[in-house]
Amino acid sequence: MNEVVTTSPTIGSNVEEVVWKNIHFIMWDLGGQQSLRAAWSTYYLNTEFVIVVIDSTDRERLSVTRQELYRMLNHEELSKAALLVFANKQDVKGAMTAAEISRQLDLTAIKKHQWHIQSCCALSGEGLYQGLEWICSRFKKRSDPQQTLVKM
């Protein structure tokens, strides 16, 4: 959102409200460590979109990411949630492409959820707005209020 911040791995969860194009996004950042994954489901109620950020340089963790992604999407409380996958760090030499990540995650096998994969570079912001545009286009097909609150 036009601001570069220094980050570290999330321990537990963080919540932030982002307003973009008159839409209020409530974003939950859930830590991905194995010890925290069991608690993820406590955040699923009323979630409309799931955003998964992939480190496109980390080939070794993709199989675990795939397992956790499918486990998450099979949860009843996420049955109507759409999925946005950000393929981050596209600026790094040797990064996997969005197409390669899509194949590794077997995204085409996801039939019960709308999904989209978006190449991005969080550092420069490239691709981030296109991902949000995809979310907005999915949301606007369901309703078009002046101001909308979206939980992610």
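A residue is counted as buried under 20% relative accessible area, as exposed over 50%, and as partly exposed in between. The description below applies these classes to a predicted model. By this rule K89, with a relative accessible area of 32%, is partly exposed, and D55, at 24%, falls into the partly exposed class as well. These two residues form a salt bridge in which the closest N and O atoms are 3.0 Å apart. D55 belongs to strand β3 and K89 to the loop between β4 and α3, so the bridge ties together parts of the chain that are 34 residues apart in sequence.

Strand β3 is also part of an open sheet of 3 strands, arranged in the order β3-β4-β5 with parallel pairing. The edge strands are β3 and β5, each of which pairs on one side only. From one strand to the next, the twist averages 20°. The parallel pairing of β3 with β4 extends over 7 bridges, and V53 stands opposite F86 in β4. Helix α2 packs on the sheet through contacts with β3 and β4, and its direction makes about 175° with that of β3. Helix α3 likewise packs on the sheet, where it touches β3, β4 and β5; the direction of α3 makes about 140° with that of β5.

Within helix α3 (residues 98-105), the residues A98, I101, S102 and L105 are buried. They lie on the same side of α3, because they cover an arc of only 105° around the axis. The partners of these buried residues are β3 (49-55), α2 (62-73), β4 (82-88) and β5 (115-119). Just after α3, D106 adopts a positive phi of about 55°.

In soluble globular proteins, nonpolar side chains tend to be buried together. In the present model, the largest nonpolar core has 21 residues, and L69, L83, I101 and L107 are those with the most contacts inside it. At least two residues of this core come from each of β3, α2, β4 and α3. Helix α2 gives the most, with 5 residues. When residues up to four places away in sequence are not counted, L107 touches L69, Y70, L83, V85, S102, W115 and I117. Another core, of 13 residues, lies apart from the largest one and includes I23, F49, L84 and C120.

In total, the model contains 6 salt bridges. One of them joins E133 to K21, with the closest N and O atoms 2.4 Å apart. This pair links distant parts of the chain: E133 lies in helix α4 (residues 128-140) and K21 in the loop between β1 (13-20) and β2 (23-30), 112 residues apart. E133 is partly exposed, with a relative accessible area of 34%, whereas K21 is exposed at 52%.

A further salt bridge, between the side chains of R71 and E68, has an N to O distance of 3.2 Å. R71 and E68 are 3 residues apart in helix α2 and are therefore separated by about one helical turn. The relative accessible area of R71 is 54%, which means that R71 is exposed. E68, in contrast, is buried, with a relative accessible area of 13%.

Terms used. Residues are numbered from 1 along each chain as its sequence is written. This is a predicted model: local features need pLDDT of at least 70, side-chain atom pairs count only at pLDDT 80 or more; totals for chains, interfaces and linings use all residues. Side-chain values use heavy atoms; hydrogens and water are left out. Buried means under 20% relative accessible area, exposed over 50%, partly exposed in between (1.4 Å probe, protein chains only). Helices (H or I, at least four residues) and strands (E, at least two) are DSSP runs, numbered from the N terminus. The arc is that of the directions from the helix axis to the C-beta atoms. Contact means heavy atoms within 4.5 Å. A nonpolar core is a set of buried Ala, Val, Leu, Ile, Met, Phe, Trp, Tyr and Cys residues joined through side-chain atoms within 4.5 Å. A salt bridge is a side-chain nitrogen of Lys or Arg within 4 Å of a carboxyl oxygen of Asp or Glu. Two strands pair if DSSP finds at least two bridges between them. Axes are lines fitted to C-alpha atoms, for helices over the stretch in contact, and angles run from 0 to 180 degrees between N-to-C directions.
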